Amino acid sequence: MAQRLKHVDVVTIGVGLTGSLTALELAKAGLTVVGLERGAPRFTVPDFQSPAVHDELRFSIRKAMMQDNVKEAITFRNSSDETALPIRRWASFLPGTGLGGSFVHWNGQTFRFQVADFIYKSHIEQRYGKKILDPDLTIQDWGVTYSELEPHYDRFEYLLGTSGKAGNIKGAIQPGGNPLEAPRAREYPTPPMKEPYFGALFRKGAESLGYHPYPQPSSNLSQPYTNPEGLALQQCVFCGFCERYACEHYAKASPQTVILPVLLKNPNYELRTNSQVLRINLDGTGKKATGVTYADATGREFEQPADLVLITAFPLNNVRMLLLSGIGTPYDPKTGKGVVGRNYTYQTTGGATVFLDEGINVNPFMASGANGTMIDDFSGDNFDHGQLGFIGGQYIGAIMTGGRPIEFHPTPDGTPKWGLKWKQAVARHYNHAVLIQQHGTSTASRLNYLSLDPTYRDAWGLPLLQMTFDFPENDIRMSQYIADKVVEIGRAMGGKSVTRGGTKRPYNTTVYQSTHNCGGAIMGEDPKTSVVNRYMQCWDVPNVFSIGASAFPQNGTYNYTGTIGALTYWAIDAIKNQYLKAPGPLVHA
Amino acid sequence: MSRGRTIRRVLATTAVASIGAVWVAHAVAESLIHHPDVGSGAVIAAQGVAPSVPACAQCHAYDGASDGSGAFPRIAGQSASYLAKELRDFASGVRANAVMTPIAKALSPDEIADVTAYYASVNAPYLPLASPDPMLTKRGEQLAKIGDGTKDLQSCNNCHGPGGAGEPPAIPYLAGQYAHYIAFQLTMWQRGIRNNSPDAMADIAKRLDAQDIAAVAAYFQQVDASVLAATQPMK
């Protein structure tokens with residue numbers, strides 16, 4: 001029998017980016033907030049200090065910061081006629097756990113989506129007609145527009161101190177920035193990171209082909225910065241340990257650096273770590289949440305009553321929490337009916353390795369997670385798809401996040417995979433190779449979805465999340481088209497040989513690709529095709545909000561943290577300015 | 001002389017000339033790259049460079065251990081790249097110092113390369129020094145290895161290497177460095193007088209109070225760098 005605790009105004013399920021940000025704003029507004037985090041507490045000092053934090057075997061290979069998949073795995077299959085099996089070793093994507101969530105081990109790449117991304121279906125059909133869409137594709141508009149989100153992107157970037165160069169301020173193109181970006185209200189809070197040599201080589205190659213290179217926006221900072229919460233960040237030292245690591249240097253924006261020190265001092269807030277939420281409790285009508293039930297580290301169960309429940313977990317776990325709690329109708333791929341789990345999308349990846357002359361020293365170990373140089377000429381709908389037979393696109397960039405010894409050993413095609421010849425090739429190429437990445441859109445398909453696994457259960461006896469996913473053919477055509485462009489750039493950079501990449505089928509969970517898992521609890525204008533409304537409020541249970549990338553109807557071109565931050569501020573504003581004044585549905589379907 | 005012999009001689013001369021031209025061009029290219037000469041550096045350390053550079057050894061000792069007072073830093077085994085950067089900064093005035101600036105200005109780039117290569121190569125003994133207050137070194141060790149979360153202060157060793165052994169070429173060692181020198185430099189960073197490194201050092205120094213500075217300085221002075229050196233990979 002769960003012990004019933006004292007009522008609070010708000011409970012957040014998860015204390016990562018969305019959980020700490022919503023809690024900060026609502027506690028400031030005077031609400032009592034409890035943050036339930038399944039993982040352990042951790043802070044820059046003492047937990048993220050060297051030399052322990054640079055343990056590549058522990059963090060990169062054994063994934064020490066990720067969801068414990070002994071306790072809580074995800075099952076996977078490529079299509080619904082297969083039997084899903086648990087992923088026992090994370091590889092393709094890396095859901096974080098512990099205080100701060102995945103916003104601790106991220107790379108700091110901080111993008112905005114484009115204007116067309118938010119009105120994707122309308123935009124594509126208007127520009128190309130309905131025939132360009134394969135029949136299986138289920139893309140949708142978001143229900144919120146870029147111009148509505150712009151102030152929230154701005155606010156989020158200033159919270160993080162993001163280092164970058166504006167390319168478009170209120171429609172005026174800015175030299176040095178990305179001329180193809182969506183218009184922004186003002187410059188980035190801090191100037192861009194220094195361009196590494198690999199970026200300079202890419203810039204030269206891309207410019208020679210007529211493209212528009214720009215410095216990647218980075219939340220590993222180029223200079224010291226104090227954010228509007230009064231929290232100071234330091235300057236990145238290019239140690240090359242961002243992705244899969246915590247920053248020891250107070251230089252990467254994370255809950256620990258830009259949110260938590262203020263939040264934890266707020267008397268309205270209480271953090272409870274090692275608290276695994278099992279379900280959201282509903283009243284007899286099923287239309288109102290009464291709070292949540294969670295288990296502490298010893299397995300004791302508690303009921304935390306709350307007026308407002310915010311699901312602020314990793315996107316995949318947002319969807320699972322809805323399914324476990326019976327909120328919304330689960331998606332049925334046979335009939336196309338139901339919504340929870342529908343439109344699960346991912347990110348298309350790929351890229352090339354450019355092998356250079358031995359006289360060119362790249363020094364890949366001098367890097368941060370977001371100091372690339374990139375182009376948007378093939379992002380989203382920035383190029384004419386009329387004759388191409390696919391939709392979507394990818395950014396292309398020389399993005400090297402640290403030449404760490406276990407993970408980074410580039411060798412040309414045809415090199416043996418082990419032995420003396422392999423070692424010789426690694427020694428020859430380690431310092432003379434540049435990685436070009438292509439990252440981009442993932443198009444929603446009626447075949448891809450999330451559900452509860454019929455067989456496998458977690459350590460608390462609850463069904464695991466089941467993922468059914470393969471890249472739609474549209475995305476393969478798109479990524480392979482762009483792979484050719486990547487090779488051309490690699491040659492223009494002076495590559496002696498250039499490997500060719502691009503997304504292929506079948507999707508494989510044993511190779512790292514991207515941790516940008518999206519959708520499954522998508523936002524929209526119609527409860528028949530969305531789980532949450534434009535404010536990420538559940539259609540079926542209005543005092544539950546499911547916040548984060550689970551709300552993306554499909555993934556845009558870019559890494560999603562910036563858009564999650566903007567959406568979170570957008571939802572917070574709606575809660576503060578509308579919901580609290582008159583609790584109930586903010587949109588009437 | 002027959003016509004045939006003349007032609008052969010002309011051809012032969014031309015061949016020799018062109019080989020010579022290639023050889024000379026190669027030699028010129030070689031001479032443009034200065035390979036640091038430890039021997040010449042040792043001479044500069046011992047004798048200085050007439051007329052305006054006194055012997056480095058006068059203050060830093062011939063073996064780079066200086067005199068232990070902390071008025072002059074230990075430079076034995078310090079990264080040549082770091083020492084050369086500091087000399088260039090003294091010369092340009094970016095790092096202001098009444099003693100070092102005229103000396104550094106008088107050294108040519110080749111002389112800087114030689115003398116820094118020399119001191120980088122020296123393995124000097126550690127001078128016997130008074131034992132510091134154990135409470136002070138304990139606090140210093142905490143700051144060096146873990147930092148202080150209440151001050152948003154990361155550990156020194158994140159950048160200066162395990163045990164403060166340095167991360168050459170860019171980042172100097174602190175292990176075995178004299179306490180007075182460390183404390184004085186931190187104070188200069190704190191006050192913005194020294195600012196010839198990434199913004200990191202000024203920011204960090206400002207988070208330290210006088211007690212913290214004394215503590216890290218006392219701690220690093222007594223770290224047994226000879227033990228650390230044995231565990232470090234070759235530079």
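These legends describe views of chain A in a predicted model.

**View 1. Overall fold of chain A.** Chain A holds 11 helices and 22 strands. Its radius of gyration is 23 Å, close to the 25 Å given by the globule rule for 589 residues, so chain A is as compact as a globular protein of that length. The C-alpha trace spans about 70 × 55 × 50 Å along its principal axes. Of the 589 residues, 57% are buried. Among contacts between residues at least 6 apart in sequence, 75% join residues at least 24 apart.

**View 2. Helix 6 of chain A, residues 197-208.** At 1.5 Å a residue, the 12 residues of this helix should span 16 Å; the end C-alpha atoms lie 17 Å apart, which agrees. Its buried residues are A:Phe198, A:Gly199, A:Leu201, A:Phe202, A:Arg203, A:Gly205 and A:Ala206. Their cover includes strand 16 (373-375), strand 17 (394-398), strand 18 (433-440) and helix 10 (473-492). Just after helix 6, A:Gly210 adopts a positive phi of about 90°.

**View 3. Strand 17 of chain A and its burial.** Five of the five residues are buried, so strand 17 is largely enclosed by the rest of the structure. In a regular strand, side chains alternate between the two faces of the sheet. Here both faces are covered. A:Gln394, A:Ile396 and A:Ala398 are buried on one side, A:Tyr395 and A:Gly397 on the other.

**View 4. Strand 17 of chain A and its pairing.** Strand 16 runs antiparallel to strand 17, joined by three bridges. A:Met374 has A:Gly397 as its bridge partner in strand 17. Strand 18 also runs antiparallel to strand 17, with five bridges between them. There, A:Gln438 of strand 18 stands opposite A:Ile396.

Methods: Residues are numbered from 1 along each chain as its sequence is written. Chains are lettered from A and ligands numbered from 1 in the order in which they are written. This is a predicted model: local features need pLDDT of at least 70, side-chain atom pairs count only at pLDDT 80 or more; totals for chains, interfaces and linings use all residues. Helices (H or I, at least four residues) and strands (E, at least two) are DSSP runs, numbered from the N terminus. The expected span of a helix is 1.5 Å times one less than its number of residues. A residue is buried if 20 or more other C-beta atoms lie within 10 Å of its own, exposed if 12 or fewer, and partly exposed in between; C-beta atoms are placed from the backbone. Two residues are in contact if their C-beta atoms, placed from the backbone, lie within 7 Å. The radius of gyration is taken over C-alpha atoms; the globule rule is 2.2 Å times the number of residues to the power 0.38. Two strands pair if DSSP finds at least two bridges between them.
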